[in-house]
Amino acid sequence: MFKRTLVSIWLLGMLAACDAVDSMTEGFAHTKAISEKLEQEMGTKALVGFNWRNGTLETVTVTFQGIPEGTEIRDITDKAQQAIATEFKQTPRHIIIGFSIEP
């Protein structure tokens with residue numbers, strides 16, 4: 001009886017781990033697609049990251065390498081939100097947009 005319980009717990013843990021690995025793998029594919037789409041639309045590379053917690057998409061972070069020229073902040077945020085909504089199956093709780101500049 002005790003061995004069956006341990007085996008059952010182990011199997012449940014393995015199944016949960018597989019789901020987490022699938023989420024991470026899919027997440028990285030989504031971030032790559034978002035980055036490519038934003039670079040194509042704005043002409044500036046973007047680094048995209050994400051944070052999952054208990055199966056919920058908590059944050060997606062988009063950091064542009066420089067400030068896209070000739071684009072207003074509202075346009076940048078709208079395009080980032082659209083790209084994120086297109087790629088991820090759920091809406092994140094927070095979207096963080098930033099700019100990396102050379103000192």
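Visitor: In which strand is phenylalanine 99 found?

Guide: Phenylalanine 99 is found in strand S3. Keep in mind that this is a predicted model.

Visitor: Is phenylalanine 99 buried, partly exposed or exposed?

Guide: Phenylalanine 99 is partly exposed, with a relative accessible area of 32%. Buried would need a value under 20%, and exposed one over 50%.

Visitor: Which residues form a nonpolar patch on the surface?

Guide: Ile67, Ile73, Phe99 and Ile101 make up that patch. Together they have about 410 Å² of accessible area.

Visitor: What is phenylalanine 64 in contact with, leaving aside neighbours within four places in sequence?

Guide: Its contacts include Leu38, Met42, Thr44, Lys45 and Ala46. Phenylalanine 64 is also in contact with Ile76, Ile97, Gly98, Phe99 and Ser100.

Visitor: Thr44 is in that list. Where is the place of threonine 44?

Guide: Threonine 44 sits in the loop between helix H1 (2-42) and S1. Threonine 44 is buried, at 9% relative accessible area. Not counting residues up to four places away in sequence, threonine 44 touches Leu38, Glu39, Phe64, Gln65, Gly66 and Pro68.

Visitor: Now the rings. How is a pair of aromatic rings described?

Guide: Two values describe such a pair: the distance of the centres and the angle of the planes.

Visitor: How many aromatic pairs does the count come to here?

Guide: The count comes to four aromatic pairs. Take phenylalanine 50 and phenylalanine 88, one of these pairs. Their ring centres are 6.1 Å apart and their planes are at 55°, so the pair is tilted.

Visitor: Which parts of the chain does that pair tie together?

Guide: Phenylalanine 50 lies in strand S1 (residues 46-53). Phenylalanine 88 lies in the loop between helix H2 (73-87) and strand S3 (94-100). The pair therefore ties together parts that are 38 residues apart in sequence. Phenylalanine 50 counts as buried at 18% relative accessibility. Phenylalanine 88 is buried too, with a relative accessible area of 5%.

Visitor: Why is the pair of tryptophan 52 and phenylalanine 88 edge-to-face?

Guide: The planes of the two rings are at 65°, so the pair is edge-to-face. The cut-off for that class is over 60 degrees. The ring centres of tryptophan 52 and phenylalanine 88 are 6.4 Å apart. Tryptophan 52 lies in strand S1 and phenylalanine 88 in the loop between H2 and S3, so this pair ties together parts that are 36 residues apart in sequence. Tryptophan 52 is partly exposed, with a relative accessible area of 26%.

Visitor: Which residues form one aromatic cluster?

Guide: Phe28, Phe50, Trp52 and Phe88 do.

Visitor: How many salt bridges does a search of the whole structure find?

Guide: The search finds three salt bridges. In one of them, the side chains of lysine 89 and glutamate 26 meet at 4.0 Å, N to O. Lysine 89 lies in the loop between H2 and S3 and glutamate 26 in helix H1, so the pair ties together parts that are 63 residues apart in sequence. Lysine 89 is exposed, at 75% relative accessible area. Glutamate 26 counts as partly exposed at 39%.

Visitor: What meets glutamate 58 in a salt bridge?

Guide: Arginine 93 does, at 3.5 Å, N to O. This pair links distant parts of the chain, 35 residues apart. Glutamate 58 is in strand S2, and arginine 93 is in the loop between H2 and S3. Glutamate 58 is buried, with a relative accessible area of 12%, whereas arginine 93 is exposed, at 57%.

Visitor: Where do aspartate 78 and arginine 74 lie?

Guide: Both lie in helix H2, four residues apart, about one turn of the helix. Aspartate 78 counts as partly exposed at 29% relative accessibility. Arginine 74 is exposed, with a relative accessible area of 54%.

Notes
Residues numbered from 1 in each chain as written. Predicted model: local features only at pLDDT ≥ 70, side-chain atom pairs only at ≥ 80, totals over all residues. Heavy atoms only, no water. Phe/Tyr/Trp six-rings, centres within 6.5 Å; stacked < 30°, edge-to-face > 60°. Helix = DSSP H or I, 4+ residues; strand = E, 2+ residues; numbered from the N terminus. Buried < 20%, exposed > 50% of the residue type's maximum accessible area, 1.4 Å probe, protein only. Contact = heavy atoms within 4.5 Å. Patch = residues over 30% accessible without salt bridge, like charges linked within 9 Å, V, L, I, M, F, W, Y side chains within 5 Å. Areas by Shrake-Rupley, 256 points an atom, 1.4 Å probe, with all protein chains shown as cover.
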